[in-house]
Amino acid sequence: GDALNMMIGYKLGQEKKAMAEITKTYKAVLPFAMLDAQYMQDWNESWYKEEALWKQIVLFAAIVAIVLSCLGLFALSTLAIQQRVKEIGIRKVLGASVAGIASLVSKDFLKLVFISLLIASPIAWFIMNNWLKDFAYRINISWWIFLVTVCVTVFIAMLAISFHAIRAALANPVKSLRTE
């Protein structure tokens with residue numbers, strides 16, 4: 001029934017010698033008991049195996065979520081630009097620059113991206129802090145992680161939106177206004 005748990009330190013590189021000495025001493029003291037020795041590193045790896053699995057699951061889910069959100073943003077930008085083709089054509093005829101038209105179209109989407117980041121960041125911080133508090137050794141979540149997240153998210157959003165925005169800004173305004 002009762003188990004005896006001990007932690008024994010040894011010099012690095014002396015594992016086999018230390019294990020032989022521990023086994024010899026254990027058998028001398030408790031000759032009929034079984035020794036179940038385990039290295040702390042192996043014990044730690046088995047303890048955190050579930051965390052490694054969760055890391056893979058969350059990474060996969062995050063990649064799927066990013067791809068789906070980029071596809072959604074790409075589709076929304078297509079729809080928004082198709083609805084504003086005539087407006088973009090009139091602005092071009094009146095002398096608007098490609099950069100001005102692209103920023104006009106992108107501005108609405110960037111507002112939505114920043115609003116979503118303002119909502120998601122505190123929730124992510126709260127969830128991560130609650131998850132990390134269960135570990136013996138933990139890190140604090142720094143503010144710069146959220147800054148990097150904002151920059152990467154805005155960059156990805158701009159890539160998804162800018163394709164359609166620049167294409168609409170470079171389009172011939174006569175074609176878009178011909179139907180009027």
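Analyst: This is a predicted model. By class, 16 nonpolar, three polar and two charged residues make up the lining of the second largest pocket.

User: Which residues lie nearest the centre of that second largest pocket?
Analyst: Val58, Leu59, Ala62, Ile63 and Ile66, out of 21 lining residues.

User: And which elements give two or more residues to its lining?
Analyst: α3 (49–83), α5 and α6 do. α3 gives the most, with 13 residues.

User: What volume does it have?
Analyst: The second largest pocket comes to about 670 Å³. For the largest pocket the volume is about 900 Å³.

User: OK, the largest one then. What lines it?
Analyst: There are 25 lining residues, and Met6, Met7, Asp36, Ala37 and Gln38 lie nearest the centre of the largest pocket. α1 (15–29) and α2 (40–47) each supply at least two lining residues. The largest share, seven residues, is from α1.

User: How does that lining split by class?
Analyst: The lining of the largest pocket has 18 nonpolar, four polar and three charged residues.

User: Switching to packing. Which residues are in the largest nonpolar core?
Analyst: Nine residues: Leu73, Phe109, Leu110, Val113, Leu117, Val154, Ala157, Ala160 and Ile161. Two or more of these come from each of α5 (98–132) and α6 (143–170). Apart from this core lies another, of eight residues, including Ile81, Ile88, Ala102 and Ala165.

User: What is Leu117 in contact with, leaving aside neighbours within four places in sequence?
Analyst: On that basis, Leu117 contacts Pro122, Val150 and Thr153.

Definitions and conventions: Residues numbered from 1 in each chain as written. Predicted model: local features only at pLDDT ≥ 70, side-chain atom pairs only at ≥ 80, totals over all residues. Heavy atoms only, no water. Core = buried A, V, L, I, M, F, W, Y, C linked by side-chain atoms within 4.5 Å. Buried < 20%, exposed > 50% of the residue type's maximum accessible area, 1.4 Å probe, protein only. Helix = DSSP H or I, 4+ residues; strand = E, 2+ residues; numbered from the N terminus. Contact = heavy atoms within 4.5 Å. 1 Å grid on protein atoms, 1.4 Å probe; cavity = no way out; pocket = protein on both sides within 12 Å on 5 of 7 lines; lining within 4 Å. Points joined across faces, edges and corners; volume = space filled by probe spheres on them. Nonpolar A, V, L, I, M, F, W, Y, C, P; charged D, E, K, R; others polar.
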